[in-house]
Amino acid sequence: AEVSALKEHAAGVVVHTRQGQEFEGATLISCSGLMADRLVKMLGVEPGFIICPFRGEYFRLASEHNQIVNHLIYPIPEPGGLGVHLTLDLGGQARFGPDVEWIERPDYGVDPARAERFYTAIRHWWPGLEDGRLQPAYAGVRPKIVGPGEVDADFRIDGPAAHGVPGLVHLYGIESPGLTAALAIGARAAAMC
């Protein structure tokens, strides 16, 4: 349900939704991705930054060529991301990405013309990759707590000591490395309540 308002009260936080629902709790742990900065502002908390959408496209290895890849490859990171790397999905399909693109609003389309950039990046560590092997896969949009041209920053976890709202823990900029560390992040957020 879409959140329409957050209100602080003596015993914690009340969440109001556009569908007319109301939830009250002593603790609210918020991990709201691209809307994290806007959501916390509903409580009068100023995070000190604006979440910037950061898009990455992925291409996959054409299935007839997939059997030659059986491990992950991570190149040297590039500004804003890990660089175009190779991962394998649960079905063993090779995926390359993400690339790096700052955007104004979420867009999940994949531009087949961007394959040329992928070939260039991949050939730094797989020089024998032949033309015609990459096919568009999908795109993802990640929440960054810094904008274009700024020094890259990791995610943030703010508890009551940072913003003064009892029972509120707010997570900002959680993307791929944050997902990898989800259990540790969960333990940290729970300890802040």
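Which side chains meet in a salt bridge of 2.6 Å, N to O? In this predicted model, they are those of Arg-114 and Asp-99. Arg-114 lies in the loop between E8 and helix H2 (115-122), and Asp-99 sits in the loop between strand E7 (94-97) and E8, so their contact ties together parts that are 15 residues apart in sequence. Arg-114 counts as buried at 11% relative accessibility, and Asp-99 counts as buried at 5%.

Salt bridges with shared partners join Arg-55, Glu-57, Asp-99, Glu-101, Asp-107, Arg-114 and Arg-117 into one network. Within it, Arg-55 forms a salt bridge with Glu-101, their closest N and O atoms being 3.0 Å apart. That pair links distant parts of the chain, with Arg-55 in strand E5 (residues 52-61) and Glu-101 in strand E8 (residues 101-102), 46 residues apart.

Next, look at strand E11 (residues 168-172), where five of five residues are buried. In a regular strand, side chains alternate between the two faces of the sheet. Here both faces are covered: Leu-168, His-170 and Tyr-172 are buried on one side, Val-169 and Leu-171 on the other. E11 pairs in the parallel sense with strand E4 (residues 28-31) over four bridges, and runs antiparallel to strand E10 (residues 156-158), joined by three bridges.

Finally, visit helix H5 (residues 182-192), whose buried residues are Ile-185, Ala-189 and Met-192. These cover an arc of only 60° around the axis, which puts them on the same side of H5. On the other side, Leu-183, Ala-184, Ala-187 and Ala-191 are exposed.

Key. Residues are numbered from 1 along each chain as its sequence is written. This is a predicted model: local features need pLDDT of at least 70, side-chain atom pairs count only at pLDDT 80 or more; totals for chains, interfaces and linings use all residues. Side-chain values use heavy atoms; hydrogens and water are left out. Buried means under 20% relative accessible area, exposed over 50%, partly exposed in between (1.4 Å probe, protein chains only). Helices (H or I, at least four residues) and strands (E, at least two) are DSSP runs, numbered from the N terminus. Two strands pair if DSSP finds at least two bridges between them. The arc is that of the directions from the helix axis to the C-beta atoms. A salt bridge is a side-chain nitrogen of Lys or Arg within 4 Å of a carboxyl oxygen of Asp or Glu.
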